[in-house]
Every structure is written in C-alpha cells, then in structure tokens.
Amino acid sequence: MMPELDWDALTSICNHVRDVPTISSISLTCRTLRAVAAKRLLETHVVVLTDTRSILSFHQFVNADRTTRLPFVCRLRIDVLPGRIDEGTREEAVQSLLDLLQQATHLKSLVLPRPESTYRALGSEPRFLGVISHISTLRELALERRWAPNEEIVSNTPSRLRTLRVSLAILSDSDAWFLEPVPLYSLLERIAPTLEVLEVIGRPVAFDNRGSNSVVFPAMRSFRVVAVSHMTPIWTEDLVRMFPVLDGTLAFEGLHCPYKEAHRRVRELNRTSQLQKTWKSLDRVIGHVNVICMLGLSCPARHLMLDGICGHSKGQLGDALATIRPTHVKLSVDLSHGMHIFEGLLPPEVAPRLTHLVLFLSFCDYKSMLIDDDDLVDMKTAQWSAFLAEVMAALNGTRLTHLRIVLRCSITLDNWPSGSTPYSKDFLTAVRNVGEGPEGLASELMGAFPTLQYVFLTTTGDLNNDWVPPDASPPPFGPEEHASLVRQGQWLSSSGWRSVSGTPERLASDVEEELLEANDLILTKGDHVSETLQDTP
C-alpha cells in the first residue's frame, strides 16, 4: 500500500517558495498542488498587463477558478501603450480589465507607470478612471507619469494608502514650474495618517515656507521628492515636524544647484534647530551634494548617495560625510572640473567607518566654454596611472569590504571651425583597455586593500561628432541647433570579482547583479551609464 502524501507539509513547503520556475514546477505535479501553487504565485508576484494578450489570458486564468484565485490577486502593474490593444478585441480587453479591477477584492497594489498612455490605449474608456478611484483595498498606489486625473484619483481614493508614488506635474493652476507646498499638503491631508512612503514625481517642490502650517504625517517612514527650485531653502525643522518618525529614505533628487553664501547660512540654522529635535537615524539619504549639505543633518544615516560632486564642491561633500557618518556611500563625481577632487575626498573621521563604496566617475566634455582653463589642462593631460594612484590614495584608511567603480567617458569630437574639444586620448585608451582586461585592476585593488571581499568594475564610453555646415559660425553665437550628433564609437564592459585568498575570482553575470542589489551598490537616477543603459542596478 502506497503511503499517503502529507498535504499539509507540501503546502507549507510551497508557501515558502518565491521563484517562478519552482512554483510552476509544483503546479504541474497534481491538481491539489496546482491550486496551492497558483495562490502562491499570485501572492508573491506582480501581475504585469501590457497588451490584449496578457489582459485576456490573465482574465481567463482567474475565471477558470475565481473562488480560489480572485482573492489572491494582490498586485497589478498595468502599462499598456497605444497600439498594444487589438482593434478587433478592444471592447473585450477593456471589459476584462475593468472586471479584474472591480472584482479583485483583495487588491493591495496598483501601479500605472504611464497612466495617460494606458488610458488612451484603452480607447479613453471613461469607466477606467471611475473604477481606479473607487478601489478601497489598496495599500500602494503609483501614478508615475503626468495625467490630468492624478490629482482626482488621489483626492477621491477610499483606500487607506501606505505607499503613494505620484506625478503631480499639473497640480495647481500656477504658471510656476515648481510646486508650492500648500496645494500638496491640501491634496494629501486626508490620507496623511496612514502614509508610510511618499514619492512625488515630475515637478519640483519649493520647500521655502519656514514655520508654515504644514500637514503632519505621523506614520511616514520614507520621503522622496524632486524638491528644489533654484536651490530654495529647505528647513530641516519643518521636515522633522512633518515626518516625526522618519527612519527610512530621505531623498531630494533631480536638479543641479549652485551653493551660495545664503545656503551656508541656511545650513547653520538647520544645524542649530536640530539641537532641539531631530530624527534618531535614517536608513538612506539621497540627493545633490549641495542640497544634502544645506540640510545640515545631524542624525546618522547608514547609506548616503550623493550626486553633483566636482572639484568645486569638496567642502560641501566633506561637511555632508562628516555629519551623516555613513557606512555605505555612493558618490557621483564629475571629473571635468579637475582631477584634484580626490585629494582629501573622504574626511579622516569618516574613512574608517566605510564598508561599502560606489564611485561613479564621469570623464565628459561639456564644451570648453563650460569648463575652467585649469580644468581643461587636466582633461588634456590626464594619465591612467596617475589617476588610479589618486583614487587609491583617496581610499587609504578605509576598511572597505565592497567596492564598485563605474567610469564613464563621453567625448564630443568637435568639428566646429574653432577647433576640437581637448581631451586625453591616452586616458581614454587606457580606460577602454581596462574594460577589455579588468582582472588586473581588480587584483591591484584587492592587493592594496586586503579587507576587500568584492570588487565590481564598469567602464563605458562613447565618442561623438557634432557635424555642422562648413560655413557655420562657432557656438555660442552660431546656429548650434542645426548640428547633428554622429556616433563614432561606443563601449560598455562590466565585471564582478570575489576575493579568494586575495586573488580575484570572476563572478557570473547573474550573481554579479544579485550582489549589487543585495549589498546596496546601486546607482541613482542621474547616473547614466550610457545612452542605452540607464538606471542600472
């Protein structure tokens, strides 16, 4: 007699599996486990709907066993572009999608990356807006691109949202390109008590209303926003009052900002205000180095990700690192303003704390009129050996276990009559050679820093040519808009290395990607690895 299977044990095993291939294999074993596997798949994975086929197929799948499947439809991502819905089946596809949204009684997450495009692809179906606005079970809502009804959806949702990512590019009737805080507070006041994560996309917010009556978000753990307009003041005491329990991510992303004397005074006032009250600690702080410096944060943060670093912002960088005291750091450095950025890059009180470091280094020309003469000399004469020595000297005193270096070169071979843009061909050639044989650099780094367990190296570059008519005047006086960019060459090389008794051992590409994510060796939105590869892990 065959022993009976322990269905409870098998079900428990299935409920601890997350990867799709394993869940799919379990579903093929027998009818009983098929139902268990389908439930697990719906619970743990986002259902992505992008066209007629995916909408109709998923609707059919759910309807095959609505009683056991519909209650576990928890997360939907709907990203339908115009042309992805067949004209002959448009009505059926639209009705199937509306049926899913209306009948999924346990839907917790709804993400619309491009809501207006999806709306148009569905034939501007008016019921689509109404159905979304009346879902009452959502805990996460994402409207990631501008769409006129975004404000209406947020205002009317009966859901007790915990996470909101929304583009408010058209909020308020003001002609100003930045968003005043008051309309934002008014929009969010009703859902403020439950919000834990807020991300405002698509329009800068001017946080310059010190002491105004702002909304309090008592549960907010993470706040991300494009938040400055020409470097308007950001008062840390207002942020502490609005988000009293913030302990996750604080991010101000998006704009290049000059740092002036007025901003130094704001920093000092922010530092003084935190003597009374501030957060205990933050997990991650992200933003332009000048913005983060102006905040004057006195609480520590585990992970600091700074953009906009160059030879002219070393003071702000040092101040931010010294006060935030991170163990994980990502620095995006523009080398076009001089290689001297590496001298004293890490304050001595910060270097021993660092265990994880990402250096995103850009060697790019921005037309000679945008770069100081002294900086141009550096770009003309840069040599790889001297550059590498400066980088390694900057890391002395650290106890790094994980190091990622991304080196991006972007050069325009300028054929204007005024002559070509200067750059070091030797440096460019050496960078490309490193990409073709990265083991030598990995070995050199591991030899210099024995604590390193992993090294990740990426080199990328593109050479372009601005072609213009021979009789054109040189910029900035000539018709530069008539120039056309001609790609001369492009490369991208990436590798990951594990230290085995001090010797680098190359990682498989899938393992490399997993380790980058797992160890917070990630890039920010402003780090463009190449024209075709952006926002990479």
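Me: How exposed is glutamate 261, and how do I read that value?
Reply: Compare the relative accessible area with two cut-offs: buried is under 20%, exposed is over 50%, and partly exposed is in between. Glutamate 261 has a relative accessible area of 45%, so this residue is partly exposed. Keep in mind that this is a predicted model.

Me: Which residue does glutamate 261 meet in a salt bridge?
Reply: Side chains of opposite charge can pair when their charged atoms come close. Here the partner of glutamate 261 is arginine 264, at 3.5 Å from N to O. Arginine 264 is partly exposed, at 38% relative accessibility.

Me: How many salt bridges does the structure hold?
Reply: The count is 18. One of them pairs aspartate 238 with arginine 241, with the closest N and O atoms 2.5 Å apart. Helix H11, residues 236–242, carries both partners. They are three residues apart there, so about one helical turn separates them.

Me: Is aspartate 238 buried or exposed?
Reply: Check the value against the cut-off: under 20% is buried. Aspartate 238 comes out at 6% relative accessibility, so it counts as buried. Arginine 241 has a relative accessible area of 35% and is partly exposed.

Me: What does arginine 90 form a salt bridge with?
Reply: Find glutamate 87. The closest N and O atoms of this pair are 2.5 Å apart. Glutamate 87 is exposed, because its relative accessible area is 62% and the cut-off for exposed is over 50%.

Me: Which residues of helix H8 are buried?
Reply: Read along the helix, residues 126–133, and pick out the covered positions. They are Phe128, Leu129, Val131, Ile132 and Ser133.

Me: What do the buried residues of H8 pack against?
Reply: Follow their contacts to the neighbouring elements. Three helices take part: H6 (90–103), H7 (115–121) and H9 (150–156). Strand S3 (109–112) also packs against them.

Me: Where is serine 410 found?
Reply: Go to strand S13, residues 402–414. Serine 410 has 12% relative accessibility, so it counts as buried.

Me: How far apart are serine 410 and cysteine 364, in sequence and in space?
Reply: Read the two separations side by side. In sequence, serine 410 and cysteine 364 are 46 residues apart. In space, they are 4.7 Å apart, C-alpha to C-alpha.

Me: What are the corresponding separations for alanine 386 and methionine 339?
Reply: This pair is 47 residues apart in sequence and 9.8 Å apart in space, again C-alpha to C-alpha. Alanine 386 lies in helix H16, residues 384–394. At 39% relative accessibility, alanine 386 counts as partly exposed.

Me: What share of contacts join residues at least 24 apart?
Reply: Take contacts between residues at least 6 apart in sequence; 74% of those join residues at least 24 apart.

Me: How many helices and strands does the protein have?
Reply: Count 19 helices and 16 strands. Of the 537 residues in the protein, 52% are buried. The protein exposes about 24,800 Å², and carbon and sulfur atoms supply 51% of that area.

Methods:
Residues are numbered from 1 along each chain as its sequence is written. This is a predicted model: local features need pLDDT of at least 70, side-chain atom pairs count only at pLDDT 80 or more; totals for chains, interfaces and linings use all residues. Side-chain values use heavy atoms; hydrogens and water are left out. Helices (H or I, at least four residues) and strands (E, at least two) are DSSP runs, numbered from the N terminus. Buried means under 20% relative accessible area, exposed over 50%, partly exposed in between (1.4 Å probe, protein chains only). Contact means heavy atoms within 4.5 Å. Accessible areas come from the Shrake-Rupley method with a 1.4 Å probe; for residues, only the protein chains shown count as cover. A salt bridge is a side-chain nitrogen of Lys or Arg within 4 Å of a carboxyl oxygen of Asp or Glu.
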